[in-house]
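Hi,

Here is the structure I promised to pass along.

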Amino acid sequence: MTNAAKLTDTLGGKQELPPANVVPIAIAAGLLVIGFIALAYAVSWQKALLFLIGSGFGFALLHGGFGFTAGWRAIVTRGDGRSLKMQLVVIAATMVAFIPILQGYLPGERQYGGLIAPISITLLIGAFMFGIGMQLSNGCGSGTLFTLGGGSKRMLFTLPAFIFGSLLATMHWSYWALPGVPAINLGKEFGVLGGIAVSLAGLAIAWFLVSWRENKMGSDNALLTASANAHHQTWPKRLWQGPWNLAWAAAALVVLNIATLLIGQYPWAVTYGFALWGANIAALAGVDVLSYDFWSWAKTTENLQGALVTNQQSVMNVGLILGAMLAAGLAGNFFAAPWPTWRAIIAALIGGLLMGYGARLSFGCNIGAFLGGIASGSVHGWVWFVSAFAGSLIGIKLRPFFDLKN
């Protein structure tokens, strides 16, 4: 009997979800309502809507188990490319919408900005660091947030380290002016159709390489299919309580990212919000954050504090945590995972530091650089992907030393 058959036989299509966790549902729902009203009244309707969109990301990521980190590890260790392929699909679908919008094809005077960044040695180093860190901490930028919202105890250590690493990189910013080339925007270089065609060709090559790896390792992807179909409740109930299959989660990420661009004028990104949180914490502790070049835009601590509710990433990050908490409560698995071992805690701290520092050097994470960068037509997104994946290979090799299974 195959693994998939054993799993199907064990589950028998009769597995029921545990009862909902009322307390986290009430807390998350209450804070989402309060946050939306407060942002709409005190800041703007735009930020209030982005806050809700952020919660949608958290809800979809938690129910879909859509983790970039695990997907990268799965293709390397088991030859299971389903998650990574779905990531490529999300990028492709998002990019087809993004590039025309960013090149001004929407009517009206509104301007939209993409996640476009230069290519440099600094980018390579930062992305490589991030790749190692994401495997040690068991989550990327968005993964840290949605698993924390779901009650992950490991992320109680990862997130503070992530924030500190981000802050540290901003303080070292002036030392990282290493050689590089200006940003390359495929939409501008080749036009809308040409930029889309070149990007799709790159994604097709990546898809081919993933398929080659799958065939080489002969993976049994039916196991994942059996697991995903273990619950047979009606789709409206499954929509709220989960689990979602990868296609549902992918579709939600595409729609929500396009909504983020249309409403916020910039795509979804995560890690700058961590640096902003770190800077405010440091300022409250008496550190002269404004003396560092990276934070010179703030000019006053009041501006820095105000950015917590005016910065798109900061607002959406909070919403993402709450959306994931709501989803975990509805699924009945909030705070269900056991406490990590002391070695796993050390890995979470090291991984968080590497991700925080690396994300600042490389202009983002799996969301802001990989997904958002490539979808925006920026070549730096491809460079980030290659370098971060190389770092991820090192991180996968290191995981067993920290009691982390591959």
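This is a predicted model: local features need pLDDT of at least 70, side-chain atom pairs count only at pLDDT 80 or more; totals for chains, interfaces and linings use all residues.

Let me start with helix H12, which covers residues 246–264. Its 19 residues reach 26 Å from the first C-alpha to the last, close to the 27 Å expected at 1.5 Å a residue. Just after the helix, Gln 265 has a positive phi of about 75°. The buried residues of H12 include Leu 253, Leu 256, Asn 257 and Thr 260. What do the buried residues of H12 pack against? Their partners are helices H3 (45–64), H5 (82–102), H15 (312–331) and H17.

That brings me to H17 (residues 366–375), where Ile 367 sits. Ile 367 counts as buried because its relative accessible area is 0%, under the 20% cut-off. Leaving aside residues up to four places away in sequence, Ile 367 touches Phe 68, Ser 142, Trp 268, Ala 269, Val 270, Gly 372 and Gly 373. Ile 367 and Pro 267 are 100 residues apart in sequence, yet their C-alpha atoms are 9.3 Å apart.

Finally, the axes of H7 (residues 141–149) and H8 (residues 155–171) come within 10 Å and cross at roughly 140°, which means that H7 is oblique to H8. The crossing is left-handed. Among the residues making the contact are Thr 144 and Leu 148 of H7, and Leu 159 and Phe 162 of H8.

Best wishes

Key
Residues are numbered from 1 along each chain as its sequence is written. Side-chain values use heavy atoms; hydrogens and water are left out. Helices (H or I, at least four residues) and strands (E, at least two) are DSSP runs, numbered from the N terminus. Buried means under 20% relative accessible area, exposed over 50%, partly exposed in between (1.4 Å probe, protein chains only). Contact means heavy atoms within 4.5 Å. The expected span of a helix is 1.5 Å times one less than its number of residues. Axes are lines fitted to C-alpha atoms, for helices over the stretch in contact, and angles run from 0 to 180 degrees between N-to-C directions. Angles under 35 degrees count as roughly parallel, over 145 as roughly antiparallel, 65 to 115 as roughly perpendicular and the rest as oblique. A crossing is left-handed if the near helix is turned anticlockwise from the far one by less than a right angle, and right-handed if clockwise.
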